[in-house]
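Thanks for making the time this morning.

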Amino acid sequence: MELQGKRIVLGVTGGIAAYKAAELVRLLGKRGADVQVAMTEGATHFVTATTFQALSGQPVYLDQWDARMPNAMAHIDLSRSADLILVAPASADFLARIANGMADDLLATMVLARDCPLLVAPAMNRQMWENPATQRNVAQLLVDGVQLIGPDSGEQACGEVGAGRMVEPEEIVEEVIAFFTPKLLADRKVLMTAGPTFEAIDPVRGITNLSSGRMGYAVARAARQAGAEVTLVSGPVGLQAPQGVTRINVRSALDMQAAVMAHAATSDIFIGVAAVADYRVANAAEHKLKKDTGGIPPIELVENPDILAEVAALKDGPFCVGFAAESRNLEEYAQSKRRKKNIPLIAGNLIQEGFGGDDNRLVLFDDTGVHPLTPAPKSVLARQLVEHIANMIGRA
Ligand code: PMT
């Protein structure tokens with residue numbers, strides 16, 4: 001419950017993405033936030049206040065002249081009690097109004113009267129977004145300290161394609177969590193690997209493993225939420241890169257090694273979460289192997305480079321963190337990998353608990369000893385690992 005105890009005023013303005021704000025209320029509530037919805041008149045043409053009231057469990061505010069507050073000052077009272085005002089979707093018209101300090105409806109007045117931070121998730125047609133007037137307003141809002149979430153690019157409700165789509169509710173929630181996360185890795189460059197590698201046998205077949213990338217992607221997200229600039233070198237997985245993380249897609253261990261070594265010297269921290277194949281096929285076929293050419297094709301294996309050990313051996317290289325997935329003797333094997341690769345910290349997990357799935361059990365091994373973490377969702381463990389790293393590098 002990352003947002004437990006946080007009071008968020010969610011402003012909803014007029015646009016087709018307003019229907020996604022209903023899901024946003026639900027997701028924020030699931031993470032523990034107390035959500036108070038305020039709508040512009042335009043938003044009520046897309047979704048009713050009843051929907052938001054049912055999902056938030058709170059009365060919805062629409063009108064500047066709403067007299068429900070004892071002092072009849074909803075715009076002051078609602079913003080004073082909030083930890084954050086989030087406007088999603090934020091229309092072009094709304095951005096223009098708040099960039100100019102207007103107070104012509106309840107939500108704009110609340111924004112002007114606030115003494116808490118403001119996040120906005122713009123949503124509009126691509127031409128409206130690209131219009132110099134909107135860009136001027138956005139530039140002004142950034143100067144004023146307003147934080148922008150998106151917009152994304154893609155297909156729009158009007159059928160056009162371009163920038164202006166509201167960021168999806170799940171990602172907006174992650175941005176809100178990021179906003180409240182202590183910036184333990186501020187100004188740090190984190191380089192990471194995640195997922196499996198794929199070692200080709202022929203153009204369609206290969207050797208790989210069951211890593212889903214979930215653990216690595218959770219660590220990438222947690223590091224970015226802690227303020228780091230994150231580069232994620234990812235093997236083939238079906239996951240979306242977390243907002244604000246730079247992803248480099250690779251396939252084989254050699255590709256992964258090349259991408260990592262191109263960035264390692266300029267990184268502060270390297271975290272190897274990938275399940276890198278120890279061997280690759282030396283005699284990979286250029287064309288698809290045919291069954292009827294006689295006999296079982298011989299597959300010759302050669303050892304892959306140990307990427308983590310190579311980064312750890314760099315002079316003045318980054319602080320290195322490894323992972324170890326074992327089927328037994330977790331402590332013995334993880335500690336031996338830590339010593340062999342000469343790294344200060346390794347996170348051990350059992351293969352039956354670590355591979356795939358949303359949950360895991362991690363045990364951290366470092367010079368000070370053994371630190372078992374309570375079994376939890378990978379997102380929670382990833383945050384604990386980031387805190388441990390920040391402690392070790394003297395940032396927490
Ligand atoms: O992706 P998920 O489904 O969420 O699963 C997560 C996970 C189980 C894959 C993850 O938590 C994990 O344990 N990753 C490491 C897997 C492993 O067993 O690695 P290893 O023991 O082969 O290697 C130890 C360390 O050296 C790892 O940090 C690995 O990235 C690194 N390594 C290994 C071989 C190699 N050639 N180069 C490396 O850098």
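Asn342 counts as exposed, at 60% relative accessibility, where exposed means over 50% relative accessible area, buried means under 20%, and partly exposed is what lies in between, with a 1.4 Å probe and protein chains only as the basis. This is a predicted model, in which local features need pLDDT of at least 70 and side-chain atom pairs count only at pLDDT 80 or more, while totals for chains, interfaces and linings use all residues. Residues are numbered from 1 along each chain as its sequence is written, and side-chain values use heavy atoms, with hydrogens and water left out.

Staying with Asn342, its phi is positive, about 60 degrees, although it is not a glycine, and its place is in the loop between helix H12 and strand S17. Helices (H or I, at least four residues) and strands (E, at least two) are DSSP runs here, numbered from the N terminus. A second residue of this kind is Asp187, which is not a glycine either and has a positive phi near 65 degrees; Asp187 lies in the loop between helix H8, residues 169-180, and strand S8, residues 189-194, and is exposed, with a relative accessible area of 75%. As background, most residues other than glycine have a negative phi, and most peptide bonds are trans.

On the subject of peptide bonds, a cis bond joins Ala88 and Pro89, with omega about 0 degrees, and Pro89 lies in strand S3, residues 84-90. Another cis peptide bond joins Gly150 and Pro151, with omega about 5 degrees, and Pro151 is found in the loop between strand S5, residues 147-148, and strand S6, residues 152-155.

Let me now return to strand S17. Is this strand largely enclosed or left open by the rest of the structure? Five of the six residues of S17, residues 345-350, are buried, so the strand is largely enclosed by the rest of the structure. Strand S16, residues 319-326, runs parallel to S17 and is joined to it by six bridges, and two strands are said to pair if DSSP finds at least two bridges between them. Within that pairing, Phe323 has Ala347 in S17 as its bridge partner. The chain passes from S16 through helix H12, residues 330-341, to S17 in a β-α-β crossover that is right-handed, a term that applies if, with the strands pointing away from the viewer, the path from the first strand over the helix to the second runs clockwise. S17 also pairs with strand S19, residues 363-366, this time in the antiparallel sense and over three bridges, and here Ala347 stands opposite Leu364.

Elsewhere in the chain, five strands form an open sheet with parallel pairing, in the order S2-S1-S3-S4-S5. Strand S2, residues 34-39, and S5 stand at the edges with a single partner strand each, so one side of each is left without a neighbour in the sheet. Strand S1, residues 7-12, runs parallel to S2 and is joined to it by six bridges, with Val9 standing opposite Gln36.

A side-chain N or O atom of Lys341 is 3.0 Å from an oxygen atom of the ligand. The protein buries 95% of the 770 Å² that the ligand exposes when taken alone, with accessible areas coming from the Shrake-Rupley method and a 1.4 Å probe.

I will finish with the overall picture. The chain holds 14 helices and 21 strands, and its C-alpha atoms fill a box of roughly 80 × 55 × 40 Å, taken along the principal axes. Of its 396 residues, 49% count as buried.

Conventions. A polar contact is a pair of N or O atoms within 3.5 Å; within protein, one must be able to donate a hydrogen and the other to accept it, and residues adjacent in sequence count only if both atoms are side-chain atoms.
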